[in-house]
Amino acid sequence: MGDIVDSAVRSRMMSGIKGKNTKPELQVRQYLHRHGFRYSLHRRDLPGRPDLTLAKRGAVVFVHGCFWHSHVGCRLAAVPATRPEFWKQKLGANVERDRRNLEDIRKAGWRVAIVWECALRGSPGAALAGLANFLKSRAAFAEFALDQEPKME
Ligand SMILES: [Zn+2]
């Protein structure tokens with residue numbers, strides 16, 4: 001099992017995906033704004049500091065970089081060939097933190113959507129339309145990823 005992403009791509013992924021205001025995040029923000037949704041950004045008072053909070057709709061949106069959030073089964077989430085133990089530990093801690101945050105914010109009564117980076121690269125139109133539908137619905141949870149049926153509950 002090698003590193004399927006070359007090092008140039010890898011460094012771009014790492015520089016681009018960590019942190020706030022990433023390209024996928026901006027894509028989601030622009031789309032929602034254009035479609036009349038209003039939101040606040042990175043609210044510190046909520047678990048996991050969601051990328052977007054739509055208070056009126058009782059919903060938050062997390063836009064997850066597939067590498068940093070270890071998207072299961074996703075080729076963008078391949079662990080680097082160098083220092084694999086370091087990465088496994090680091091990324092494992094991220095996954096654990098995400099899990100806790102998701103649990104906490106849902107317990108607090110928020111509806112949650114997770115939009116994976118790969119969905120925005122692969123078929124952005126479908127993912128974004130699905131997200132808008134979720135926000136207008138009363139569903140409690142939705143998840144959008146490339147090559148996966150959108151999950152909504
Ligand atoms: Zn992914």
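User: Where does arginine 49 lie?
Analyst: Arginine 49 lies in the loop between strand E1 (40-41) and strand E2 (52-54). Helices (H or I, at least four residues) and strands (E, at least two) are DSSP runs, numbered from the N terminus. This is a predicted model, in which local features need pLDDT of at least 70 and side-chain atom pairs count only at pLDDT 80 or more, while totals for chains, interfaces and linings use all residues. Residues are numbered from 1 along each chain as its sequence is written.

User: Is arginine 49 buried, partly exposed or exposed, and why?
Analyst: Arginine 49 is partly exposed because 16 other C-beta atoms lie within 10 Å. A residue is buried if 20 or more other C-beta atoms lie within 10 Å of its own, exposed if 12 or fewer, and partly exposed in between, with C-beta atoms placed from the backbone.

User: What is its phi?
Analyst: The phi of arginine 49 is near 40°, a positive value in a residue other than glycine. Arginine 83 also has a positive phi, near 50°. Arginine 83 sits in the loop between strand E3 (59-64) and helix H3 (84-107), and counts as exposed because it has 11 C-beta neighbours inside 10 Å.

User: Turning to E3, which residues point which way?
Analyst: Ala59, Val61 and Val63 point one way from E3, and Val60, Phe62 and His64 point the other way. Six of the six residues of E3 are buried, and the strand is mostly covered.

User: How many bridges join E2 to E3?
Analyst: Three bridges join E2 to E3, and the two strands run antiparallel. Strands pair if DSSP finds at least two bridges between them. Leucine 54 has alanine 59 in E3 as its bridge partner. The two strands form a hairpin with four residues between them, and glycine 58 in the turn has a positive phi of about 60°.

User: And in which sense do E3 and E4 pair?
Analyst: E3 pairs with strand E4 (residues 111-116) in the parallel sense, over six bridges. In E4, arginine 111 is the bridge partner of alanine 59.

User: New topic: what does glutamine 27 touch?
Analyst: Not counting residues up to four places away in sequence, glutamine 27 touches Leu120 and Pro124. Contact requires that the C-beta atoms of two residues, placed from the backbone, lie within 7 Å. Glutamine 27 belongs to helix H2 (residues 23-34), and counts as partly exposed because it has 18 C-beta neighbours inside 10 Å.
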